[in-house]
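Hello,

Here is the structure you will be taking over. My notes on it follow below.

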Amino acid sequence: MFAAERRQLILEMVRANGAVSLRELARVVQTSEVTVRRDVRALEAEGLLDRRHGGAVLPGGFTRESGFPQKSHLATAEKTAIADLAAGLVEEGEAIVVGAGTTTQELARRLARVPGLTVVTNSLLVAQALAHANRVEVVMTGGTLRGSNYALVGSGAEQSLQGLRVSKAFLSGSGLTAERGLSTSNMLSASVDRALVQAAAEVVVLADHTKLGTDTMFQTVPTDLITRLVTDEPPGHDDRAATELQALADQGVQIAVAGTGNSAGGEQAPARRAPLPGPRRGVTLRSGAGFGEPTGAERGRVADLRRR
């Protein structure tokens, strides 16, 4: 494929989805991430798109929200790894809330195996994933259906969450920065997510590396309210994403990084470690099963991430 053809395809993908990772672009155009990064730089120089940590977005600063059909095909391996790791945080008999999103939908599929679980959600996709789980109780919020992400929003959804108290909230969003925390592109979705946060003792954010450093219009969870972040391993060249992880850790967020590679037998590769840029702080990574409560010295630390 010639450079002009590649760049036209890249541009069409970004216009269709709002934001696309370099990994996904390289897969679609069947070339290396190095070549795709060069193409993205050329398109940015023409003002046709903006580069972000590990990907490309529409020009203009804040990214717009993509619909479910587009999101469901982005960073699928990363979302699967994140969901596998996050499921280890949920114990038998817990009551939790799970927000809307394609990553939380993946998590819900794994929660179907947790006996005695109660899941409160405003997401039709999460509820559908748990519909046939015999020992999981699903509680839907009220509200108005927002068709682009199959979620219930509005005053009905928010009022139904008043007085609720659960152990954990699992949320995703459109962007995550150390400065503003988790954010999304839709005001109604942001308002419901804030209500979900108020119902939980702990907040767990599920966000793949392409969302690190991306800031969108409406804040949902400020950084000081995020207990844990479950993410995937950034590419070795993505120092900015690793720096964002360090900044989140410095503000007290516990960070778990899931591996996304496949072994020869087709099984999920284990979580891995690679060096973060900047000064070392003796930080600790929690990964896989066994997310015990951290000590005071451990809180707010993240382990070295091993570059591939």
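Arg228 and Glu202 are both buried, where buried means under 20% relative accessible area, exposed means over 50%, and partly exposed lies in between (1.4 Å probe, protein chains only). They form a salt bridge, with the closest N and O atoms 2.6 Å apart. By salt bridge I mean a side-chain nitrogen of Lys or Arg within 4 Å of a carboxyl oxygen of Asp or Glu. Arg228 sits in strand S14 (residues 228-232) and Glu202 in strand S12, so the bridge links distant parts of the chain, 26 residues apart. Helices (H or I, at least four residues) and strands (E, at least two) are DSSP runs, numbered from the N terminus.

Before going on, some ground rules. This is a predicted model: local features need pLDDT of at least 70, side-chain atom pairs count only at pLDDT 80 or more, and totals for chains, interfaces and linings use all residues. Residues are numbered from 1 along each chain as its sequence is written, and side-chain values use heavy atoms, with hydrogens and water left out.

**Other salt bridges**

The count comes to eleven salt bridges. Side chains of opposite charge can pair when their charged atoms come close.

Glu94 and Lys168 meet through their side chains at 2.7 Å, N to O. Glu94 lies in the loop between helix H5 (76-87) and strand S4 (95-98), and Lys168 lies in strand S9, so the pair ties together parts that are 74 residues apart in sequence. Glu94 is buried, at 11% relative accessible area. Lys168 is buried too, at 9%.

Arg7 and Asp39 form another salt bridge, at 2.8 Å from N to O. Arg7 belongs to helix H1 (residues 3-17) and Asp39 to helix H3 (residues 33-45), 32 residues apart. Which of the two partners is buried, and which is partly exposed? Asp39 is buried, with a relative accessible area of 0%. Arg7 is partly exposed, at 26%.

**Overall build**

The protein has ten helices and 15 strands. Of its 308 residues, 55% are buried. It exposes about 13,200 Å², and carbon and sulfur atoms supply 49% of that. These areas come from the Shrake-Rupley method with a 1.4 Å probe; for residues, only the protein chains shown count as cover. Take the contacts (heavy atoms within 4.5 Å) with a separation of 6 or more: residues 24 or more positions apart account for 67% of them.

**Cores**

A nonpolar core is a set of buried Ala, Val, Leu, Ile, Met, Phe, Trp, Tyr and Cys residues joined through side-chain atoms within 4.5 Å. The largest has 30 residues, and Leu176, Val205, Leu229, Leu248 and Ile255 touch the most other members. Strand S9 (166-171), helix H9 (187-198), strand S12 (200-206), helix H10 (239-250) and strand S15 (254-258) each supply at least two residues of this core. Another core, of 26 residues, lies apart from it; Ala83, Ala87, Val136 and Ala258 are among its members.

**Confidence**

pLDDT is the predictor's confidence in each residue, from 0 to 100. Its mean over the protein is 79, and 77% of the residues reach 70 or more. Over residues 66-73 it is below 50, and this stretch has 18 contacts beyond near neighbours in sequence. Residues 262-308 also stay under 50. For them the model has 115 contacts beyond four places in sequence.

Best wishes
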